[in-house]
Amino acid sequence: MFLLNDIQIGRYLPGDSFLHRMDPRVKIVLLFFFLLLIFFVENVTGFAVLSVSVALLMVFSKVPLGMQLRSIRPILWIVLFTFGVHLFMTPGTEVFRLGPFTATWEGIARGAYIGLRLVLLILLSTLLTLTTSPLRLTDGLEALLSPLRRLRVPVHELSMMMTIALRFVPTLLEELDRIMKAQKARGADFERGNIVQRLRAVVPILVPLFLSAFRRADELALAMEARCYRGGEGRTQMKELRTGRLDYAAIAVFVIGAVGICAVSLGGLPIAP
């Protein structure tokens, strides 16, 4: 049950930090290149700098650290599984043996690196949605995809669909939590039995969840029609997106930091072979 409440992607927490005030277009672009940088770095020093940078962003966002760190818990099993695979599958100096499998120091280093990489990806993605309202996120995506209009791509509709889908993640999770509590109150047990029995117990949850999702989608469509929504053709924005000094300063800091990290990654101690 705690996993449902720990998923933070799609949630927005209003605030007045510099991340909240930044242009959403700049945040999306910088996030994209930051994620590329995480995959590019293979150096201990460079990766340490990246980790410290993410930690500083988390602190300066003024979003409760507990809320941000809870987003890691749903993927802990993936991190542990990835760590275990690299621990026993990476050749090198033996640490201990577990049956036919051999754990190595190189496997420990590689597994920790891959696991930390996944954690940083989740933290950065969660930080974007926590500090950007759905409306501004839609405007930012639409502005970035606007060149595709020349190819007759419905940019506005695609941006709105992606943002609505992202925004409905926490809503559906809350609905799922409510349904599970109602089923438990009626005697349902989701934590006992083998895998087949647990899968069967999930069926009574999926049916009302899908019905609730379809009902919410229908209500949203009716609300948009009642407000005369007809797509992005000829639409204007009440608040135009503007790139200010804060955004240019963030871009400059990122470029300087990225160049420095790339320079460090070209030499020094690699994480593991």
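Q: What makes up the span of residues 72-91, helix or strand?
A: In this predicted model, residues 72-91 are 70% helix and 0% strand, with end C-alpha atoms 29 Å apart. Helices here are DSSP runs of H or I with at least four residues, strands are runs of E with at least two, and both are numbered from the N terminus. Local features need pLDDT of at least 70, side-chain atom pairs count only at pLDDT 80 or more, and totals for chains, interfaces and linings use all residues. Residues are numbered from 1 along each chain as its sequence is written, and side-chain values use heavy atoms, leaving out hydrogens and water.

Q: How do residues 111-130 score for helix and strand?
A: They come out at 100% helix and 0% strand, and their end C-alpha atoms sit 29 Å apart.

Q: Where does the label "transmembrane region" come from?
A: It's a UniProt annotation from an unreviewed entry, covering residues 28-60, 72-91, 111-130 and 248-272. Positions follow the numbering used here, feature names are shortened, and such annotations may be inferred rather than shown by experiment.

Q: How do you know that the length of α4 fits a helix?
A: Take 1.5 Å times one less than the number of residues. For the 17 residues of α4 (residues 44-60) that should give 24 Å, and the end C-alpha atoms are 24 Å apart, so the two agree.

Q: Which residues of α4 are called buried?
A: Gly-46, Phe-47, Leu-50, Val-54 and Met-58.

Q: What makes a set of residues a nonpolar core?
A: The members are buried Ala, Val, Leu, Ile, Met, Phe, Trp, Tyr and Cys residues, joined through side-chain atoms within 4.5 Å. The largest one here has 33 residues, and Phe-34, Ile-38, Phe-47, Leu-50 and Val-54 touch the most other members. Helix α7 (105-130) is one of the helices that each supply at least two residues, and α7 gives the most, with 10.

Terms used. Buried means under 20% relative accessible area, exposed over 50%, partly exposed in between (1.4 Å probe, protein chains only).
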